[in-house]
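Please report on the fold, the cross-links and the core of the structure below.

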Amino acid sequence: MTPAHTKRGQRRYRYYTCTNAQKRGWRACPSRSIPAAEIDKVVLEQIRGTCPQSGPNEVEPMMDGPGRFDRWWQALSPQDQSGALRRLVEWVDYDGRAGQLAITFRPGGFEALADASAEPATGLEEVPA
């Protein structure tokens, strides 16, 4: 699926549409377009659940699980949230027929975010990919 949007008046509506539908027509697509907020919410829940926690013997903490991730995420501007997702997530695959979503994370993505999470006010442009 690929991000898209439409505007009605001053309001912008974000959604994800099937890439195959754009290339080969709607019959080639297993899913219809989906509002972006729905997919974004599921992706964030998956990231939150996957967020690594530090072991008892680790000196440098990772993201320290969902609680620290939530505090860090809420401190980011929407633009920085978008950048963080691009650095963390390589690919999101949604199968509308099966109702399944699979996320492929970038190698080292959580480590980069853990480094950035120590200073939520810093811009994510400073985080190496």
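**Basis**

This is a predicted model, in which local features need pLDDT of at least 70, side-chain atom pairs count only at pLDDT 80 or more, and totals for chains, interfaces and linings use all residues. Residues are numbered from 1 along each chain as its sequence is written, and side-chain values use heavy atoms, with hydrogens and water left out.

**Overall fold**

The protein has five helices and five strands. Both kinds of element are DSSP runs numbered from the N terminus: helices are H or I with at least four residues, strands are E with at least two. Read from the N terminus, the order is β-β-α-β-α-α-α-β-β-α.

The protein has 129 residues, of which 29% count as buried. Buried means under 20% relative accessible area, exposed over 50%, and partly exposed in between, with a 1.4 Å probe and protein chains only. The accessible surface comes to about 8900 Å², and carbon and sulfur atoms hold 47% of that. These areas come from the Shrake-Rupley method with a 1.4 Å probe; for residues, only the protein chains shown count as cover.

Contact means heavy atoms within 4.5 Å. Among contacts between residues at least 6 apart in sequence, 37% join residues at least 24 apart.

**The sheet**

Three strands make an open, antiparallel sheet in the order E1-E2-E3. Two strands pair if DSSP finds at least two bridges between them. The edges belong to E1 (2–8) and E3 (34–35); each has a single partner strand, so one side of each is left without a neighbour in the sheet.

E1 and E2 (residues 11–17) run antiparallel and are joined by seven bridges. Histidine 5 has arginine 14 of E2 as its bridge partner.

Leaving aside residues up to four places away in sequence, threonine 17 touches Met1, Thr2, Ala4, Gln22, Trp26 and Ser33.

**The disulfide**

How many disulfides does a search of the whole structure find? The search finds one. The cut-off is a pair of cysteine sulfur atoms within 2.5 Å. Cysteine 18 and cysteine 29 form the link, with 2.2 Å from S to S. The link is right-handed, with 125° about the S-S bond. Cysteine 18 lies in the loop between E2 and helix H1 (19–24), and cysteine 29 in the loop between H1 and E3, so the pair ties together parts that are eleven residues apart in sequence.

Both ends are covered. Cysteine 18 is buried at 8% relative accessible area, and cysteine 29 is buried at 8%.

**The nonpolar core**

A nonpolar core is a set of buried Ala, Val, Leu, Ile, Met, Phe, Trp, Tyr and Cys residues joined through side-chain atoms within 4.5 Å. The largest one has 16 residues, and Ile47, Phe69, Trp72 and Trp73 have the most contacts inside it. Helices H2 (36–50), H3 (65–75) and H4 (78–88) are the elements that give two or more residues to this core. H2 gives the largest share, four residues.

**Salt bridges**

The whole structure holds two salt bridges. The criterion is a side-chain nitrogen of Lys or Arg within 4 Å of a carboxyl oxygen of Asp or Glu.

| Pair | Closest N to O |
|---|---|
| Arginine 14 and aspartate 40 | 2.4 Å |

Arginine 14 and aspartate 40 link strand E2 to helix H2, 26 residues apart. Arginine 14 is partly exposed, with a relative accessible area of 42%. Aspartate 40 is partly exposed too, at 22%.

What does the other pair connect? Arginine 48 in helix H2 and aspartate 70 in helix H3 link parts of the chain that are 22 residues apart. Arginine 48 is partly exposed at 37% relative accessibility. Aspartate 70 is partly exposed at 27%.
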